[in-house]
Amino acid sequence: MVSNDKVLSILLEIGEKIEEEKLFLTELDNVIGDGDHGINMARGFDAVKAKQPMMEGKDIGTILKTVGMALVSTVGGASGPLYGTAFMQAGKVMAGKMEIGMEDFLAIMDAAIAGVQQRGKSTTGEKTMLDAMVPATEAMKKSFAESGDAKKALDDGLAAAKEGIEYTKTIIATKGRASYLGERSIGHQDPGATSFTVMLEVIDGAI
C-alpha cells in the first residue's frame with residue numbers, strides 16, 4: 001500500500017520529470033501539433049507544486065482532484081482538459097482514502113481512461129495518449145491477476161505503454177491538430193502517449 005504522503009511525493013517527482021523532458025515533448029509536438037505540449041505540461045505541474053502545502057495530509061482523492069483542477073486551469077491546448085479530467089476522475093475513485101493499493105491504481109486507470117475517452121471523444125488507434133494508457137492498463141490487469149505482484153504489474157504496464165508509443169508512429173492521427181497532417185503524421189510518435197509514459201515511468205520507479 002502507498003500512503004497519501006507518498007502519492008504526493010510521486011506527483012511532485014512527475015513534475016520534475018516533465019520539466020526534464022519538456023523540450024523533448026515540445027519537439028514531438030512541433031512536428032504534429034501546436035508545438036507546446038512539453039511547455040504546457042511543465043507549467044501545469046508548476047501549478048501543482050504551488051498547491052503542495054494545501055494537499056499535505058489530505059486524502060488521496062482530494063490530492064488527485066486538486067492536481068486535475070490545477071492542470072485544467074493552467075495547461076493549454078487539449079492536454080489540460082484531458083489530463084485534468086483524468087486526474088479528477090481518478091480523484092473520485094480515491095475519495096476519502098489515505099492509502100492506495102494495486103487494485104485501487106487499476107480502478108484509477110479505468111476511470112482516467114473513461115474520462116479521457118469521453119472528454120476527447122476518442123478511442124484507441126487514433127494516435128492519442130489512449131494508445132499508451134489502454135494497453136498499459138490491460139497489461140497491468142493481466143499481470144497482477146496472474147502474479148499478484150504490483151511491481152511486476154507496473155513493469156509490464158510500462159513496457160506496454162512504450163510499445164504503445166511505438167505503435168503511434170505507425171498510424172495516422174485522426175484527432176486534434178495532428179489530424180490536419182493526414183498521412184504525414186505517420187512516423188511520428190504522439191506527444192500525449194509519451195507524456196503519459198513518462199508519468200508511469202516515475203510511478204514504476206517509485207514503487
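**Helix packing, up close**

Mentor: Read from the N terminus, the elements of the protein go β-α-α-α-α-α-α-β-α-α-α-α. That comes to 10 helices and 2 strands, where helices (H or I, at least four residues) and strands (E, at least two) are DSSP runs numbered from the N terminus. The radius of gyration is 16 Å, close to the 17 Å that the globule rule gives for 207 residues, so the protein is as compact as a globular protein of that length. For the record, that radius is taken over C-alpha atoms, and the rule is 2.2 Å times the number of residues to the power 0.38.

Keep in mind that this is a predicted model: local features need pLDDT of at least 70 and side-chain atom pairs count only at pLDDT 80 or more, while totals for chains, interfaces and linings use all residues. Residues are numbered from 1 along each chain as its sequence is written, and side-chain values use heavy atoms, with hydrogens and water left out.

The C-alpha trace spans about 45 × 40 × 30 Å along its principal axes. Buried residues make up 51% of the 207; buried means under 20% relative accessible area, exposed over 50%, and partly exposed in between, with a 1.4 Å probe and protein chains only. Of the contacts between residues at least 6 apart in sequence, 68% join residues at least 24 apart, a contact being heavy atoms within 4.5 Å.

Now to H10 (residues 191-206) and its packing with H3 (residues 37-50). These two pack at an angle of about 40°, and their axes are 11 Å apart. Axes here are lines fitted to C-alpha atoms, for helices over the stretch in contact, and angles run from 0 to 180 degrees between N-to-C directions. H3 and H10 are therefore oblique to each other: under 35 degrees counts as roughly parallel, over 145 as roughly antiparallel, 65 to 115 as roughly perpendicular, and the rest as oblique. On the H3 side you have His37, Met41 and Phe45, which meet Pro191, Gly192, Ser195 and Met199 of H10. That contact splits into 4 nonpolar, 3 polar and no charged residues, with Ala, Val, Leu, Ile, Met, Phe, Trp, Tyr, Cys and Pro as nonpolar, Asp, Glu, Lys and Arg as charged, and the others, Gly among them, as polar.

H2 (residues 22-32) packs on H10 too: their axes come within 9 Å and cross at roughly 165°. That makes H2 roughly antiparallel to H10, and the crossing is right-handed. Phe24, Leu25, Leu28, Asp29 and Ile32 of H2 make the contact with Pro191, Thr194 and Ser195 of H10. By class, that is 5 nonpolar, 2 polar and 1 charged residues.

Over to another pair, H1 (residues 4-20) and H5 (residues 60-74), which pack at about 20° with axes 9 Å apart. H1 is thus roughly parallel to H5, in a right-handed crossing. Asn4, Val7, Leu8 and Leu11 of H1 meet Ile60, Ile63, Leu64 and Val67 of H5, giving 7 nonpolar, 1 polar and no charged residues.

Note on methods
Left-handed = near helix turned anticlockwise from the far one by under 90°.
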